[in-house]
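Notebook open, model loaded. Today I want to go through the aromatic contacts and the charged side chains.

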Amino acid sequence: MAQSLSIAVTSRSFSQHPQLREELLARFPNTRIMFNDTGQTLSGQALIDFLSSHHRAITSLERIDAAVLDAVPNLKVVSKYGVGLDSLDLCAMQERGVKLGWTPGVNRRAVAELVICFAISLLRNFSRAQTCEFDGAWNQIKGKELSGRIVGIIGCGRIGKDVAKLARAFGCPVLAHDIVDYPKFYQSHDIASVTLDELLTRSDIVTLHTPLNDSTKNLLSADKLALMSSSSILINAARGGLVDEYALKIALSS
């Protein structure tokens, strides 16, 4: 008798979301589904034990590599909850015939709005002003407007494009750098495609929107950070590994 299909939901946030749980159970009524109700981040043997005997998995930040896949040969489909595939060894999955389910760009507006939020907050010195007020002080802390500031977007994919649209609504000149050219989009939104060095040199606000892989790791190195103005703002709502964090610490200190 064939073994019935089963789904392991390793993602903590998915498992804790009532609506997502309800929709998954309704869509697969005759499927055994196990949720990560412990609230623990699964890795190593704990992850293998959780995935063991399951045919499909819904993962988030859990690292699915060759060692994990070899330990759970029944696993045939991995569905990525969220964006960014750096936690998945895509080559190992392909070699073992494990299929990937993924919808890119589903959070683009949420991330784009957050970038605008960060930019305004930093320009207005909101955090500093709030701290002073909570401490009972009433200081006149000056800030700057976002409108008219030059915004440099590194990675003009789905999220980068959405950031560009919002920035243009504030009257911001937008510079873009990407390994892929988007001439129609750039022309229709009056965006200048420039080199990375030019973007870093000219931008008042630099925001990162690239995936993390071997070609983008430490994309902003010490040399690249040195090109930025001391008054410029760096926003990374993508992946931490895109910036050399030690070099960033030195740049902030100096």
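This is a predicted model: local features need pLDDT of at least 70, side-chain atom pairs count only at pLDDT 80 or more; totals for chains, interfaces and linings use all residues.

Is Tyr182 buried, partly exposed or exposed? I looked it up: Tyr182 comes out at 23% relative accessibility, so I put it down as partly exposed. Buried would need a value under 20%.

**Entry 1: around Tyr182**

I checked the ring partner next. The ring centres of Tyr182 and Tyr186 are 6.2 Å apart and the planes stand at 90°, so I logged the pair as edge-to-face. That angle clears the cut-off, since over 60 degrees counts as edge-to-face. Tyr186 has a relative accessible area of 5%, so I wrote it down as buried.

Lys161 sits over the face of the Tyr182 ring, 3.2 Å from the ring centre. I looked for another case of this kind and noted Arg21, which lies over the face of Phe35 at 3.9 Å from the ring centre.

**Entry 2: the other aromatic pair I followed**

How many aromatic pairs does the structure hold? I have 3 on the list. One of them is Phe14 with Tyr81: the centres are 5.2 Å apart and the planes are at 85°, so this pair is edge-to-face. I traced both ends along the chain. Phe14 belongs to helix H1 (residues 12–15), while Tyr81 is in the loop between strand E4 (77–80) and helix H5 (90–95). The two are 67 residues apart, and the pair links distant parts of the chain.

I compared the burial of the two ends. Phe14 is buried, at 8% relative accessible area, whereas Tyr81 is partly exposed at 30%.

**Entry 3: salt bridges**

I moved on to the charged pairs and got a count of 8 salt bridges. I went through some of them one at a time.

Arg168 pairs with Asp190, with 3.6 Å between the closest N and O atoms. Arg168 is in helix H8 (residues 158–169) and Asp190 is in the loop between helix H9 (183–188) and strand E8 (191–193), so the bridge ties together parts that are 22 residues apart in sequence. For accessibility I noted Arg168 as partly exposed at 27% and Asp190 as exposed at 57%.

Lys224 and Asp197 came next, with a salt bridge at 2.5 Å, N to O. Here Lys224 lies in helix H11 (residues 222–225) and Asp197 in helix H10 (residues 196–202), so this bridge ties together parts 27 residues apart in sequence. Lys224 counts as partly exposed at 23%, and Asp197 counts as partly exposed at 34%.

I stayed with helix H10 for one more. Which residue does Arg202 bridge to? I found Glu198, with the closest N and O atoms 2.8 Å apart. Both residues lie in helix H10, 4 residues apart, which is about one turn of the helix. Arg202 is partly exposed with a relative accessible area of 41%, and Glu198 is partly exposed at 32%.

Terms used. Residues are numbered from 1 along each chain as its sequence is written. Side-chain values use heavy atoms; hydrogens and water are left out. Rings of Phe, Tyr and Trp (its six-membered ring) pair if their centres lie within 6.5 Å; planes under 30 degrees apart count as stacked, over 60 as edge-to-face and the rest as tilted. Buried means under 20% relative accessible area, exposed over 50%, partly exposed in between (1.4 Å probe, protein chains only). A charge sits over a ring if NZ of Lys or CZ of Arg is within 6 Å of the ring centre and within 35 degrees of the ring normal. A salt bridge is a side-chain nitrogen of Lys or Arg within 4 Å of a carboxyl oxygen of Asp or Glu.
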